[in-house]
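Open your viewer and get ready to click along. We will stop at a few residues and look around each one.

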Amino acid sequence: MPCRLRIDLDCLMILRASLGAVSPEEGCALLLGESAPDLNVRFVWPCCNVWRPGFGGYNDAITGDRDQSLVSASRRSRFALDPREQIAAQRWSRQRGWRVLGSAHSHPEGKPLPSALDRQWAVGEGVMVIDAGVAGVRAWWLQGAGPGGPDKPVSALSLVVHSQATVGDTVMSCPDGVFLPLQ
């Protein structure tokens with residue numbers, strides 16, 4: 001299990017702008033990049049939130065999630081990634097020797113913590129970044145398929161923001177980066 005997620009400042013700005021653009025609804029995106037030696041986001045793939053009641057056959061009612069019970073089920077409190085966008089992003093990232101590291105979404109009226117629905121709907125093991133606007137951005141490692149539902153374990157990842165400069169095809173990054181402490 002990884003302990004750190006690296007993202008360059010440009011990717012973070014694109015991520016926050018694309019997630020915030022649909023506020024007060026939840027925005028969503030895929031995070032593409034490399035996973036060795038650290039998780040390293042190289043590209044943000046903004047997606048449309050295609051959630052609708054009953055999407056994918058999932059039950060939207062989760063008991064025990066106080067944050068979600070306060071908000072009626074709508075795109076203000078739910079998100080779903082379009083499967084066609086996921087396939088396109090997977091193909092595009094493979095052509096570059098990358099992979100889909102995980103997803104990001106916003107909690108416009110909440111905290112940057114995975115909700116019970118976020119944990120239940122996690123299909124595969126991977127990264128989940130949550131942008132809660134002024135409440136901050138946090139990165140998480142979620143376990144995917146298998147038992148646990150909304151009680152699936154999640155682990156906080158250190159989010160390291162670094163600057164990047166490109167010279168031709170060579171990418172040079174600041175080795176020490178800027179650390180965003182977890183709140």
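Select Asn40 to begin: this residue is buried, with a relative accessible area of 14% (buried means under 20%, exposed over 50%, partly exposed in between, using a 1.4 Å probe and protein chains only). Asn40 belongs to strand β3, residues 39-47 (strands are DSSP runs of E with at least two residues, numbered from the N terminus). The model is predicted: local features need pLDDT of at least 70 and side-chain atom pairs count only at pLDDT 80 or more, while totals for chains, interfaces and linings use all residues. Residues are numbered from 1 along each chain as its sequence is written, and side-chain values use heavy atoms, leaving out hydrogens and water.

Which residues does Asn40 touch, not counting those up to four places away in sequence? Show Arg6, Leu32, Gly33, Glu34, Leu101 and His162 (contact means heavy atoms within 4.5 Å).

Next, select Phe43, Trp45, Trp92 and Trp98, which form one aromatic cluster. Zoom in on Trp92 and Trp98: their pair is edge-to-face, 6.1 Å centre to centre with 65° between the planes. Rings of Phe, Tyr and Trp (its six-membered ring) pair if their centres lie within 6.5 Å, and planes over 60 degrees apart count as edge-to-face, under 30 as stacked and the rest as tilted. Trp98 is buried at 16% relative accessibility, whereas Trp92 is partly exposed at 22%.

Finally, jump to Asp151, in the loop between β6 (137-142) and β7 (154-162). Asp151 is exposed, with a relative accessible area of 66%.

Conventions:
Helices (H or I, at least four residues) and strands (E, at least two) are DSSP runs, numbered from the N terminus.
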